[in-house]
Amino acid sequence: MAKRKEFDKDTAMLTTAVVADMLEITPDRLRTYDTEKLIITHRVKTGQVQKRLYSQNDVEWLQCLRILLKDHKMSISSIKILLQILYINQKAKMPNNAIGEVLAEMLKNPNFKSVVRKF
């Protein structure tokens, strides 16, 4: 019997097109998040081209970003500032509302520290 390889939530396997489809956004929007340093993509060189790959943790992080951007009408710059404040004071009490719930999820995500350090 062949042993099945287990993939954890940090294994980058999903392409830009797949993640864009999952989040119902364009691949350009994902590239914008990468350019703005809101996500740190894993890069794989295939021939002459470098591809971005995403893990399940990345997708969960992006879902939280989308909620803040789309549902709560926050700007990229305001999200960056908010994440920097949370990075400085990670024990801060979150507001008891939908934004607080999203921020609490983002704090738990492994991407939190690595992304904020890149701002």
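## Close-up views of a predicted model

**View 1. Thr16, a buried residue of helix H1.** With a relative accessibility of 11%, Thr16 counts as buried, because the buried class takes in residues under 20%. This is a predicted model, and in it Thr16 belongs to helix H1. Leaving aside residues up to four places away in sequence, the neighbours that Thr16 touches are Pro27, Leu30, Arg31, Arg52 and Tyr54. Among these, Pro27, Leu30 and Arg31 lie in H2, the helix that is shown with H1 in the next view.

**View 2. The contact of helix H1 with helix H2.** The axes of H1 and H2, the latter formed by residues 27–35, come within 8 Å and cross at roughly 105°. Angles of 65 to 115 degrees count as roughly perpendicular, and H1 and H2 are therefore placed in that class. On the H1 side the contact involves Thr16, Val19, Ala20 and Leu23, which meet Pro27, Leu30 and Arg31 on the H2 side. Sorted by class, the residues of this contact are five nonpolar, one polar and one charged.

**View 3. The contact of helix H1 with helix H3.** Helix H1 (residues 16–23) also packs against helix H3 (residues 56–71), their axes coming within 11 Å and crossing at roughly 40°. H1 and H3 are therefore oblique to each other, and their crossing is right-handed. Val19, Met22 and Leu23 of H1 make this contact with Val59, Leu62 and Gln63 of H3. The residues involved comprise five nonpolar, one polar and no charged. Val19 and Leu23 of H1, seen here against H3, are also among the residues of H1 that meet H2.

**View 4. The contact of helix H3 with helix H4.** Here the axes of H3 and of helix H4 (residues 76–88) come within 10 Å, with a crossing angle of roughly 120°. That angle makes H3 oblique to H4, and H3 passes H4 in a right-handed crossing. From H3, the residues Trp61, Leu65, Leu68 and Leu69 meet Ile76, Ile79 and Leu83 of H4. By class this contact has seven nonpolar residues, with no polar and no charged ones.

**View 5. Met94, a buried residue between helices H4 and H5.** Met94 is located in the loop that lies between H4 and helix H5 (98–108). At a relative accessibility of 18%, Met94 falls under the 20% limit and therefore counts as buried. Setting aside residues up to four places away in sequence, Met94 touches Leu86, Gly100, Leu103, Ala104 and Leu107. From C-alpha to C-alpha, Met94 and Ile40 are 25 Å apart in space, while 54 residues separate them in sequence.

**View 6. The whole chain, for placing the close-ups.** The chain contains six helices and three strands, which follow one another along the sequence in the pattern β-α-α-β-β-α-α-α-α. Along its principal axes, the C-alpha trace spans about 50 × 35 × 25 Å.

Technical notes
Residues numbered from 1 in each chain as written. Predicted model: local features only at pLDDT ≥ 70, side-chain atom pairs only at ≥ 80, totals over all residues. Heavy atoms only, no water. Axes fitted to C-alpha atoms, helices over the stretch in contact; angles between N-to-C directions. Helix = DSSP H or I, 4+ residues; strand = E, 2+ residues; numbered from the N terminus. Parallel < 35°, antiparallel > 145°, perpendicular 65-115°, else oblique. Left-handed = near helix turned anticlockwise from the far one by under 90°. Contact = heavy atoms within 4.5 Å. Nonpolar A, V, L, I, M, F, W, Y, C, P; charged D, E, K, R; others polar. Buried < 20%, exposed > 50% of the residue type's maximum accessible area, 1.4 Å probe, protein only.
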